[in-house]
Amino acid sequence: MAKGDPGAATRSKRAAPRTRRAAAAGEPELVQLLTPEGERIETALGPDGTEYRVDFTDEEYRGLYRDLVLVRKLDAEATALQRQGELGLWASLLGQEAAQVGSGRALRTQDMAFPTYREHGVLYCRGIDPIMPLGLFRGVDQGGWDPNEFKFNMYTIVIGAQTLHATGYAMGVAMDGKTGGEDGEAVIAYFGDGATSQGDVNESFVWASVFNAPLVFFCQNNQYAISEPLERQTRVPLYRRAGGFGFPGVRVDGNDVLASYAVTRHALDNARNGQGPSLIEAYTYRMGAHTTSDDPTRYRIASEVEAWQAKDPIARMKAFLTKQKIADESFFTEVDEQARTESVHLRERVLAMPDPQPVSMFDHVYPNGSPELDEQRARFTQYMESFEGSAH
């Protein structure tokens, strides 16, 4: 687990100091601390002149790489389970691991996260058993965990709705006086580029701004709202929208786990210290399908996918560790074996999940029940019993 402070001076003995504000020619301006080739950039400048950097130990760098590999392997196992008929649906995070692990590790224990249905990497970083969302997509439970225990809300399927939940929660944090210092609480809300066209998200921007809510809006711009490309969503970079609502915005290389960490930690610290909301646009790419019911070959070309594969977040982190002699082949082999073992264990646990009794869907609708619900349960039970011993 990475624990370094991106606000502290970087003390790398292996990389020459460099400052970067924009990406290479032809690419969008963004905060980047690790190039696609694995070259370390010591300090990066945000659009407002903020300096971003990280100061990790070698062990913490290796920990980030381990997170990236494990999260991808577990996600790939879930996709395979769906293809084999063991899950009803799955939304893969393939290609977005750095944005999720970087931002997830930037959260402090007291911070609260509100995900969509794709934040498996953030879920992993918050210490939640990765089998939890698979119960939801297998249809054996509601995919629930205790949001207060893990400081991670349950998955939200309705596009953009979680930003309203996060805004209300963050307003409550401020009203409870839990901001204004290093031990203050901050909130982060995850959503995709397509969600920025939803009214819920824009309403959240308004409320968070005028109430100075301690909230970080984290947009994973993976270039497509299902089949709709980014140019059909906006005429300006998404992070610039923040200015119209009265708070800062920044675009980060979402395939760079170091920059994702640094930018998110800075934004969260500003929020917890009472400086209000901000918007992070993590510029990344969905390498796979929107969900397993989607066919991306119908709306994007292979050369585009190949271009983004060259920016793979895991490959660049591995290149960095290798070039700086922070890790060797034995480490990479050990991580791959751990990932394989954990994915096999996850598969075994999914297949062992017991099928629930159909009538159990009535169990937790209301905390104290209701006469109407009791009547529905009785009728449903009678209906199910009508099949017993029949040829149906």
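Me: Why is Gln223 called buried?
Reply: The relative accessibility of Gln223 is 11%. Buried means under 20% relative accessible area, exposed over 50%, and partly exposed in between (1.4 Å probe, protein chains only). Gln223 therefore counts as buried. The model is predicted, so local features need pLDDT of at least 70 and side-chain atom pairs count only at pLDDT 80 or more, while totals for chains, interfaces and linings use all residues. Residues are numbered from 1 along each chain as its sequence is written, and side-chain values use heavy atoms, with hydrogens and water left out.

Me: Which value of phi does Lys151 have, and is Lys151 buried or exposed?
Reply: Phi of Lys151 is near 55°, positive in a residue other than glycine. Lys151 belongs to the loop between H5 and helix H6 (161-175). With a relative accessible area of 15%, Lys151 is buried.

Me: How do you know whether Asn221 is buried or exposed?
Reply: Asn221, in strand E6 (residues 215-221), has 0% relative accessibility and therefore counts as buried. Leaving out residues up to four places away in sequence, Asn221 touches Asp193, Leu230, Leu238, Glu281, Ala282, Tyr283, Thr284 and Tyr285. A contact means heavy atoms within 4.5 Å.

Me: Why is Gln142 called exposed?
Reply: Gln142 has a relative accessible area of 70%, and is therefore exposed. The residue lies in the loop between helix H4 (131-138) and helix H5 (147-150). Its C-alpha atom is separated by 41 Å from that of Gly46, 96 residues apart along the chain.

Me: What makes Glu39 and Lys323 a salt bridge?
Reply: The closest N and O atoms of Glu39 and Lys323 are 3.0 Å apart. A salt bridge is a side-chain nitrogen of Lys or Arg within 4 Å of a carboxyl oxygen of Asp or Glu, so the pair qualifies. Glu39 is in the loop between strand E1 (19-20) and strand E2 (43-45), and Lys323 is in helix H11 (residues 313-323); the pair links distant parts of the chain, 284 residues apart. Glu39 counts as partly exposed because its relative accessibility is 33%, and Lys323 counts as partly exposed at 42%.

Me: Why is the salt bridge of Arg108 and Asp269 said to tie together parts of the chain?
Reply: The closest N and O atoms of Arg108 and Asp269 are 3.3 Å apart. Arg108 lies in the loop between helix H2 (97-106) and strand E4 (112-114), and Asp269 in helix H9 (residues 257-272), so the pair ties together parts that are 161 residues apart in sequence. Arg108 counts as partly exposed at 22% relative accessibility, whereas Asp269, at 14%, is buried. Salt bridges that share partners join Arg108, Asp111, Glu182, Asp269 and Arg272 into one network.

Me: Why is Val210 called exposed?
Reply: Val210 has 60% relative accessibility, and therefore counts as exposed. Val210 is found in helix H7.

Me: Why is the protein called as compact as a globular protein of its length?
Reply: The protein has 13 helices and 10 strands. Its radius of gyration is 22 Å, close to the 21 Å that the globule rule gives for 392 residues, so the protein is as compact as a globular protein of that length. The radius is taken over C-alpha atoms, and the rule is 2.2 Å times the number of residues to the power 0.38. The C-alpha atoms fill a box of roughly 75 × 50 × 40 Å along the principal axes. Buried residues make up 53% of the 392 residues.

Definitions and conventions
Helices (H or I, at least four residues) and strands (E, at least two) are DSSP runs, numbered from the N terminus.
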